[in-house]
Amino acid sequence: MSRLLFQGVPGVADISEQLHAQSRRSLAPLLPAGVAQRGGERSLLAGVARSLQSIADGDALHEECGVVAVYGHPHAAREAYLSLYALQHRGQESAGIATADGQRLANIKGMGLVSEIFTDDVLAKLPGRMAIGHTRYSTTGDSALLNAQPIRVDSTKGLIAIAHNGNLVNLGNVRSRLERDGAYFQTTSDSEIIVQLIAHSSAGSLVDAIADSLSQVEGAFSIVMMTRDRIFAARDPHGFRPLSMGRMKNPGGPDTVVFASESCAFDLLRAEFVRDILPGELVMVSEDGVTSRQYASGIPQSSCIFEQVYFARPDSRIFGRWVQESRDQMGRQLARESGVPADVVVPVPDSGVTAALGYAEEAGIPFRFGLIRNHYVGRTFIEPEQRVRDFGVRLKLNPVHNLLEGKRVILIDDSIIRGTTSRKIVRMVRGAGATEVHLRISCPPTISPCYYGVDTPSKKELIAANHSIEEIRHYIEADSLAYLSLDGLLQCVRDENNVGYCTACYTGNYPTQWVDVEDILPAAAAI
Ligand code: SF4
């Protein structure tokens, strides 16, 4: 289902329309009711992508994006590709790479996985020693190719390509102000708002215009930007989303400077981790080297704690901490807070694995892979006549009967969102012969939606926003249910860096002023 959009690449047309139409025909029967009738390519594409994703992931939460940037490498596009490959878990709907060779700025993006879009032939069309890249799961805007990133805009400040991870929360206000000032938007993406602010800024230099525009937007953004000859990287003043800088040594020449949402991307490049970009910091890389400025200060840090719980890869170091270490501690703390006699500790793979290892070690109970995950589900070709309801969690997980039969099982997972997936997993484990199933969650109950780049359902769909823990336990049919306490979670991510964390999805206390309060009013939803 790969479909490409080429910008600034001479002689290359969008050749995939036919393939795309074929995909629409074969996938239409799988779409949720109403999507096909609504028509319109954007709705259709969004529906296709979300249907496949929901089949694969049940009611899991989705991260919005991963970003990368490379400065000063003869194969910058290939290095960006490898970095994006390592960040694929942060978004699987679309990906893009833009490169600059000092004169031109080329941009290719497509729907699908990084490896599906960027073949050798495609990478060969991206010349230059600089690159930025993006992999996307959409929340604001939709998943259409038009909103895939990087976005390349010819502005009053010259050609700019931008890629962005996060969500702006004062988007409506800024957008209408810009439109009143004559801005014409080509996409519904947050990133274009930032470019338009740069274009409309009265600041004299580009770097001042970028700083000026970033200080006008509220919300979560880790951004990489590129002009014909410079790369910029910035984090919002709260530091919601991670963004790190690394370096590759080049014998006899200047280092290559790289940026990525997570440090695991540096490992594939054999780049060394240098540091996190600070909240409110704007870093510029040019032929004069790396320079930095704080465009905002004095705002308490509120980095997303759910990155530590679920999103980031355990082999990444984010917010100054190894994710693996945080999750191991979460499992140990969970065992101390809510231990229960049992025969085996079983993770819900993959994200529950590290916490389950910590739990098992702390509790002195054997760890077993009692559930096996099929990693290829989301991209498997699905016969049109099959119905979405026939798939569900069995497509993704399968129980290992001989490990579960006759056992008292502690299941470790990282969240319960609507409760439907957890119930299926508990039933699956019991169906494989477990005599008891105790579900333990490595974070507190999710009671409020996220406005900062995580695709959470509305409050009325969040089971913990509307039901007690005992009601949830009853619904999911577990013998017992316990969550990690908020204090316990904060202890697990605390270190000498004193990073402040956003915990709004567990508390309802949002660190920014602008949120859609309509959506966070108490809901009266039935399960
Ligand atoms: S609301 Fe939750 S998911 Fe969103 S940024 Fe805050 S901690 Fe992260």
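## Salt bridges, sheet and cores of a predicted model

Arg 430 forms a salt bridge with Asp 479, with the closest N and O atoms 3.0 Å apart; a salt bridge here is a side-chain nitrogen of Lys or Arg within 4 Å of a carboxyl oxygen of Asp or Glu. Arg 430 lies in helix H16 (residues 420–431) and Asp 479 in the loop between H18 and E23, so the pair ties together parts that are 49 residues apart in sequence. Helices (H or I, at least four residues) and strands (E, at least two) are DSSP runs, numbered from the N terminus.

The model is predicted: local features need pLDDT of at least 70, side-chain atom pairs count only at pLDDT 80 or more, and totals for chains, interfaces and linings use all residues. Residues are numbered from 1 along each chain as its sequence is written, and side-chain values use heavy atoms, with hydrogens and water left out.

By the salt-bridge rule the count comes to 22. The table lists three of them, with relative accessible areas; buried means under 20%, exposed over 50%, and partly exposed in between (1.4 Å probe, protein chains only).

| Pair | N to O distance | Relative accessible area |
|---|---|---|
| Arg 90, Glu 262 | 2.6 Å | Arg 90 1%, Glu 262 0% |
| Asp 208, Arg 293 | 2.7 Å | Asp 208 32%, Arg 293 32% |
| Arg 430, Asp 479 | 3.0 Å | Arg 430 31%, Asp 479 36% |

Arg 90 counts as buried, and Glu 262 is buried too. Asp 208, in helix H9 (residues 206–214), and Arg 293, in strand E14 (residues 289–294), tie together parts that are 85 residues apart in sequence.

An open sheet is formed by four strands in the order E18-E21-E22-E23, with parallel pairing; two strands pair if DSSP finds at least two bridges between them. Strands E18 (344–347) and E23 (480–483) are the edges, each pairing on one side only. Between E21 (residues 408–413) and E22 (residues 436–441) there are six bridges, and Leu 411 has Leu 439 as its bridge partner in E22. Helix H18 (residues 469–476) packs on the sheet, touching E22 and E23.

Leu 411 is also among the residues with the most contacts inside the largest nonpolar core, which has 71 residues; Ile 416, Val 429 and Tyr 452 are the others named. Such a core is a set of buried Ala, Val, Leu, Ile, Met, Phe, Trp, Tyr and Cys residues joined through side-chain atoms within 4.5 Å. A second, separate core of 30 residues includes Ile 160, Phe 185, Met 225 and Leu 282. Of the 527 residues of the protein chain, 59% count as buried.

Notes. Contact = heavy atoms within 4.5 Å. Axes fitted to C-alpha atoms, helices over the stretch in contact; angles between N-to-C directions.
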